[in-house]
Amino acid sequence: MEKLTDELIAEWIEGGQRFEMRGDGGGLYLGFRSDQKRPVWLFRFRQFGEQHKLTLGNYPAVSLESARELARSYRKLIDSDESVIAAVGNKRRKDRDQELARTFSALLREASLHGAKRMTVTIEFGGEESWAN
């Protein structure tokens, strides 16, 4: 396990090497295909009878150590029969909800700074409008 190093990865990048997947162990892989601008971390695993491949992020934005930590955390879920796909989906939904709350809070602050006394929000769902004051 832990076959990759930052030095080895830098050597591949600087040498212009492109590859489908190079394994670190435990289901963690680094891919750097010719159509990609940056190497990508992948986690391959089998759970509940199905094979999956999960993108963890781009290197170096996601470091080697961070990618290993994510792979370890997903392995723990697999070992305890918890769904990795559900866990990732729940985290993404939570992150998206937090970003939406930050965006809406920023909008309210901006309106307040400019002396807004009232705001109307219109939300469209499938072509039908709903509104709230």
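Trainee: In which helix is Leu-107 found?

Mentor: Leu-107 is found in helix H3, residues 84-113; helices (H or I, at least four residues) and strands (E, at least two) are DSSP runs, numbered from the N terminus. The model is predicted, so local features need pLDDT of at least 70 and side-chain atom pairs count only at pLDDT 80 or more, while totals for chains, interfaces and linings use all residues. Residues are numbered from 1 along each chain as its sequence is written, and side-chain values use heavy atoms, with hydrogens and water left out.

Trainee: Why is Leu-107 called partly exposed?

Mentor: Buried means under 20% relative accessible area, exposed over 50%, and partly exposed in between (1.4 Å probe, protein chains only). Leu-107 has a relative accessible area of 45%, and is therefore partly exposed.

Trainee: What makes Phe-48 count as exposed?

Mentor: Its relative accessibility is 55%, and the term exposed therefore applies to Phe-48. Phe-48 lies in the loop between S3 and S4, and its phi is near 55 degrees, a positive value in a residue other than glycine.

Trainee: Why is Asp-81 called exposed?

Mentor: The relative accessible area of Asp-81 is 60%, so this residue is exposed. Asp-81 is placed in the loop between H2 and H3. Although not a glycine, Asp-81 has a positive phi of about 60 degrees.

Trainee: How do you know that the span of helix H2 agrees with its number of residues?

Mentor: The expected span is 1.5 Å times one less than the number of residues. For the 16 residues of H2 (residues 64-79) this gives 22 Å, and the end C-alpha atoms are 22 Å apart, so the two agree.

Trainee: Which residues of H2 are buried, and what do they pack against?

Mentor: The buried residues are Leu-64, Ala-67, Arg-68, Ala-71, Tyr-74, Leu-77 and Ile-78. They pack against elements including helix H1 (6-14), strand S2 (28-32) and H3, where contact means heavy atoms within 4.5 Å.

Trainee: What makes S1 and S2 a pair?

Mentor: Two strands pair if DSSP finds at least two bridges between them. S1 and S2 are joined by 4 bridges, and therefore they pair; they run antiparallel.

Trainee: What makes S2 mostly covered?

Mentor: Of the 5 residues of S2, 4 are buried. S2 is also joined to S3 by 4 bridges, and these strands run antiparallel; Leu-30 has Trp-41 in S3 as its bridge partner.
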